[in-house]
Structures are given as C-alpha cells and as structure tokens.
Amino acid sequence: MKKRKTLQDLTIKDNFLFGAVMSVEENCKGFLEMVLGFSIAQVVVSKEKSIVYHPEYKGVRLDIYAEDENHTHYSVEMQMKKKTALGKRSRYYHSQMVMEALTSGEDYETMPDTFVIFVCDFDPFGEHLYCYTFGNECREKKVPAELVRFLKFVTADLEESEEDFQDKLVKRFQETIHNIKADREMGERYMIFEEMLREEKQEGRQEGLLEGRIEATREGIFELLEDLGEVPDRLRDRMEALEELGDLKFLFKLAVKADSIQNFVKDAENYLQTKEKHE
C-alpha cells in the first residue's frame, strides 16, 4: 500500500502546498511576473474561488484565481499527470472566468483579459521547451484584390459607395441596393424594422446577459465531459435545446460529480424525464 503523505512530506508540486504557497499574494505576484514577463503592481488572490471540486481528482482541489490592478484575471493550476486536451481544458477555464464576470454584471465590452497557466512536471507538447504560450493569431497576410475592392466599398460613405469600383461583384451589390431603395414595400419594412430595434434595445441588455450565462454554462458542461467520453446524440440534442439557466446549472453539477460518462447520462436523463413529467 502506498504511504499516505503528511504535510511535512509535501513539495511545491503537490497540489495542496502549491495552492497554499500561491495563496500568499506576494508569492503569486512574483510567479505571474516571472512567467508572463511584465510587472504587476498588485495581485488579489480569491481565497473562496481557489478551492474547487475537480471530477478527475474525486475531491477538493486547489486552483489559484487572481486579479490584478488592471482587472486582468489569472487562473493557475499545478498539473502532475500528463493529460490530453490541455488546450480544451484551457478554453474551459477561460470560459469559466468569463461566465463569472458576466454573472457579476459586466458587459461584453468590458470583459477582462484572462490568463490560464498550467504548471507541469512533464513536457506537455514534446517540443523540449520550458514554456508554451498560446493566444489568438491572425494568419492572413495577403488577400485577393477582389476582397480589397469590396472592403473599400464597405468603408465608403453614401456618395462614394455609388462610384465605379471596377469590380463585377461590387457592381452587382450596387444594383441590388438601388433596387431595394426604390422598392416602396422595402421602405415600409425598414420602418417596422427600426421600430423593432428600438423595442429590442430596451430589453437587449438583460436578455444578452442571461443568454451569455446560459451558453457559457452549456459549454462548461460539455468541456467537463470531454475527458469522460462522448455524450449520446439524443441527450446532447436535449441539452442543446435547454433554455433555462437553472436546468443547465443542475446538469453542470452532475458533470462535476460524474466519474464516468455512463453515470452522467443516467443522472441527466432521470432529471430531464422528471422535469418533462412536471411540465
């Protein structure tokens, strides 16, 4: 039988000790500055968010959630075992931080920058590097001349948009626009459209916030289940159709606790069947 470690036996790579060390804000600040390569004036570690239940470890796990003076959010986790899909795991953690920000009432325009950092005692990608950094990247450098002409048409003001752009597709769009503007029925439809926009604008903020939380929770469920197995198509379709945040939160808790895809499917189907009976 493997000897159970005591607190005195732990090193920095043991999850509990890593979490305890990084909970000291000066330690966390120094670590983040070392890894990211820029200075941070102040770091606040969220103690209450740094203890979470993790299904792969079947118990309590310490992850570090921190925020700096620029409202940037950080999630730091020690990885002791080599796992697949680290990129997808990172995406899940990013989505969790965004969902938390939406829950607190932030708009999409003010969403914070987020960093997810995995500290590994193995080489996760086999390229013999000590650090791997991933982010959004634009791969396009050269574009077709037709696209350039179209984009110039897009950025033109009303008078300029009627000029000759020496492009067949743009010419076709100009003719279509002319026909639309000359159509009386289209004029009436535009007036109705404008009125609908004014009404929707009043309701949009609250609805947009709720929809963001719903989609983030749904995505979180599927991200959690990826390592356990594939969700049957029939159940996936039912989950995709759910529109109540409360239902998705319940399924999220089931996904967190599940130790196999079979157990999750059984519990989720029981819940959905009970819900349908009461509707």
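Start with the whole chain and its contacts. Among contacts between residues at least 6 apart in sequence, 55% join residues at least 24 apart. Keep in mind that this is a predicted model. Now colour by secondary structure. The chain has 9 helices and 6 strands. Then colour by accessibility. Of the 279 residues in the chain, 32% are buried.

**Stop 1: two helices**

Select helix H4, residues 145-155, and helix H5, residues 168-182. Their axes lie 10 Å apart, and the packing angle is about 30°. Angles under 35 degrees count as roughly parallel, so H4 is roughly parallel to H5.

Which residues of H4 and H5 make the contact? Show side chains to see them. H4 brings Arg149, Phe150 and Phe153. H5 brings Val170, Phe173, Gln174 and Ile177. By class, the contact of H4 with H5 has 5 nonpolar residues, 1 polar and 1 charged.

**Stop 2: aromatic pairs**

Next, show the rings of Phe, Tyr and Trp. The count comes to 8 aromatic pairs. Two values describe a pair of aromatic rings: the distance of the centres and the angle of the planes.

Zoom in on Phe125 and Phe134. Their ring centres are 5.3 Å apart. The planes stand at 65°, and over 60 counts as edge-to-face, so this pair is edge-to-face. Are these two residues buried or exposed? Phe125 is partly exposed, with a relative accessible area of 40%. Phe134 is exposed, because its 64% is over the 50% cut-off.

Move on to Phe250 and Tyr271. This aromatic pair is stacked. The rings are 4.3 Å apart, centre to centre, with 20° between the planes. Phe250 is in helix H8, residues 245-257. Tyr271 is in helix H9, residues 261-277.

**Stop 3: a ring cluster**

Select Phe38, Tyr74 and Phe115 together. Ring pairs link these three residues into a cluster.

**Stop 4: a charge over a ring**

Finish with Arg236 and Phe222. Where does the charged end of Arg236 sit? It sits over the ring of Phe222, 4.1 Å from the ring centre. Turn the view until the ring of Phe222 lies below the charged end of Arg236.

Notes:
Residues are numbered from 1 along each chain as its sequence is written. This is a predicted model: local features need pLDDT of at least 70, side-chain atom pairs count only at pLDDT 80 or more; totals for chains, interfaces and linings use all residues. Side-chain values use heavy atoms; hydrogens and water are left out. Axes are lines fitted to C-alpha atoms, for helices over the stretch in contact, and angles run from 0 to 180 degrees between N-to-C directions. Helices (H or I, at least four residues) and strands (E, at least two) are DSSP runs, numbered from the N terminus. Angles under 35 degrees count as roughly parallel, over 145 as roughly antiparallel, 65 to 115 as roughly perpendicular and the rest as oblique. Contact means heavy atoms within 4.5 Å. Ala, Val, Leu, Ile, Met, Phe, Trp, Tyr, Cys and Pro count as nonpolar, Asp, Glu, Lys and Arg as charged, and the others, Gly among them, as polar. Rings of Phe, Tyr and Trp (its six-membered ring) pair if their centres lie within 6.5 Å; planes under 30 degrees apart count as stacked, over 60 as edge-to-face and the rest as tilted. Buried means under 20% relative accessible area, exposed over 50%, partly exposed in between (1.4 Å probe, protein chains only). A charge sits over a ring if NZ of Lys or CZ of Arg is within 6 Å of the ring centre and within 35 degrees of the ring normal.
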